[in-house]
Amino acid sequence: MSERAYPGEVIRAAEVPLLGAGAPLMERAATALALYSAAALRARGRAARDRRVAGSRVCVLAGPGNNAGDALFAAASLARGGAQVSIVLLFDRTHDEGLRAARRAGARAIDLAAVPAADALETLRRADLVLDGILGTGGRRGLPAHITGLIRDWRRGGPTPGTVIAVDVPSDLDPADPETAGERIHADHTVTFGGLKAELIDPRVRRFTGRVHVVDIGLDLDAARAAAEVMVGPDLAADFPRPRADDHKYSRGVLGVVAGSATYPGAGVLTTTSAVGSGIGMVRYLGAASVADRVLTHHPEVVTAEGAVDALVMGSGDPEDEFVAPALEAIADTDVPLVLDAGSLALVGDDAAALTGRPVVLTPHAGELARLLSRLLGEDVSASRITADPLGWARRAASRTGHIVLLKGGSTVIACPDGYAVLPESGPPSLATAGSGDVLSGIIGSLLAGAHARATRRGAEPGESLDDRTIARTLGLAVLVHNAAGSRCVNAGQLATAVGDVVEGLLHPDPSASDSPR
Ligand SMILES: NC(=O)C1=CN([C@@H]2O[C@H](COP(=O)(O)OP(=O)(O)OC[C@H]3O[C@@H](n4cnc5c(N)ncnc54)[C@H](O)[C@@H]3O)[C@@H](O)[C@H]2O)[C@@H](O)CC1
Ligand SMILES: [K+]
């Protein structure tokens, strides 16, 4: 399920009162780390007899602080289970209690200052499992040269043969410095304690973290201080909005769509197809008459008359200005959310009155964001720079424009003007096809219209206000619907239809698939 990410200092601060009360936080962390380590060792063995902790070789890279403590206590447990544990002491000090526990359990320690570096290197190379306990949340950037040299030599020639687990965080994580990537820990797994650290969610650090596992050690974290939320497929079943028994079409939300043009009529069909498939009260198609005919052929339930809407989505397929302007005019005195895609991104920065006093969502891909930011910042921002750091640029764009930015790509990211981010898990690569973005904007529009209708018509129910975080989370759900539909199709026409199939499954789950007692 979704996981909130917190700045490291928020997690550290939450530990303080518990430590004061004597809570065994390190014991909990080390116990979980030992379990993940044992599972990683078992997963390595090809033959059944090899899938054991006993006899496997474990190497701990031990730093000077509590991060090493976690690693050493976990290693002690593995040693008690029969693993051959070696500890490479990288500093003139380490976590003494952890070191004593590991030694008592039979681990041997190698002091990097006292033995040739080649010995440490050999130990690393022969290990089935390496625990990176060099630095944790107390780490500053930049490791001493003797340590970066050891890591570089160990990694030279490609991926390391042993499984690497980073304890809490990969030590000295620095995504912004590709030059020194070869001198950094590249973990297969990161086992992080207390809460997901915000630095671990940046798409750029994936190659250093590997798969991230969050271990609950009983911290009481304040959700309001989260920096981001990572959303995964199962969130859909849990959080996709369902109609209530007293709902009617208006209370479920009305979406206005201005998409498609004489040049690109298909975008109008794709956007409305995914919009009606997303479980909404009504879709009003407000674009060109020639497109409207095609839309109605596919979806007789779409309304082409003007009228009130709960959200307006516009821009896919470059709709003509003669349809954009009146649609904006019609929402001028409302606070309904506005979604700007493709051609309508040109409205941003124009001081257009319709863009103030309401939530505005921008849905560019990297090329579109590059054009937008180059224009707004007055510097040349290339699409490749954006692709290299999607979260950083989405945050920058949100802060600069004051709008919520959903940056589409292999790792779609959503950023709010205050920096809060939502990161839905990546979808299938088959989503990279013409018209895919049009389908996404229909889903987004639908879900936002529903959210606005609920917020305004049901009064101030808890969690129903349409603040930036709620909108960002709604966008995250839209991306998850898009992902789920993407895994059933090979082109955007199928994709748009598959949205309806996915949502049908959410609204009318197969009772025979339920495991509830009958
Ligand atoms: N506080 C707690 O009770 C808990 C802490 N835990 C673990 O403890 C970690 C934090 O422990 P610490 O605060 O001791 O921090 P670290 O283990 O990151 O180590 C901090 C020490 O490393 C030195 N140092 C930092 N950056 C350096 C650098 N670039 N080069 C050389 N030396 C450097 C610092 O001077 C300090 O002595 C967490 O990441 C987690 O692994 C967990 O056991 C959970 C509970
Ligand atoms: K670490």
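1. The largest pocket is the space taken by ligand 1. A pocket here is an open set of points on a 1 Å grid over the protein atoms alone, where a 1.4 Å probe fits, with protein on both sides within 12 Å along at least five of seven lines. A molecule sits in a pocket if more than half of its atoms lie within 2 Å of its grid points.

2. The model is predicted: local features need pLDDT of at least 70, side-chain atom pairs count only at pLDDT 80 or more, and totals for chains, interfaces and linings use all residues. Residues are numbered from 1 along each chain as its sequence is written, chains are lettered from A and ligands numbered from 1 in the order in which they are written, and side-chain values use heavy atoms, without hydrogens and water.

3. Around ligand 1 there are 24 residues, of which D70, G136, R140, G142 and D168 come nearest (a residue is near if one of its heavy atoms lies within 4 Å). Helices α1 (8-20), α2 (25-44) and α3 (66-80) each supply at least two residues of this shell (helices are DSSP runs, H or I, of at least four residues).

4. Oxygen atoms of ligand 1 lie 3.1 Å from a side-chain N or O atom of R12, 2.9 Å from a backbone N or O atom of N66 and 2.8 Å from a polar backbone atom of T137.

5. The UniProt annotation "binding site", from an unreviewed entry, covers N67, D132 and S171. They span 105 residues in sequence, but no two of their C-alpha atoms are more than 9.4 Å apart, so they gather at one spot. Of this set, N67 is in the lining of the largest pocket (lining residues have an atom within 4 Å of a point).

Notes. A polar contact is a pair of N or O atoms within 3.5 Å; within protein, one must be able to donate a hydrogen and the other to accept it, and residues adjacent in sequence count only if both atoms are side-chain atoms. UniProt positions are given in the numbering used here, feature names are shortened, and annotations may be inferred rather than shown by experiment.
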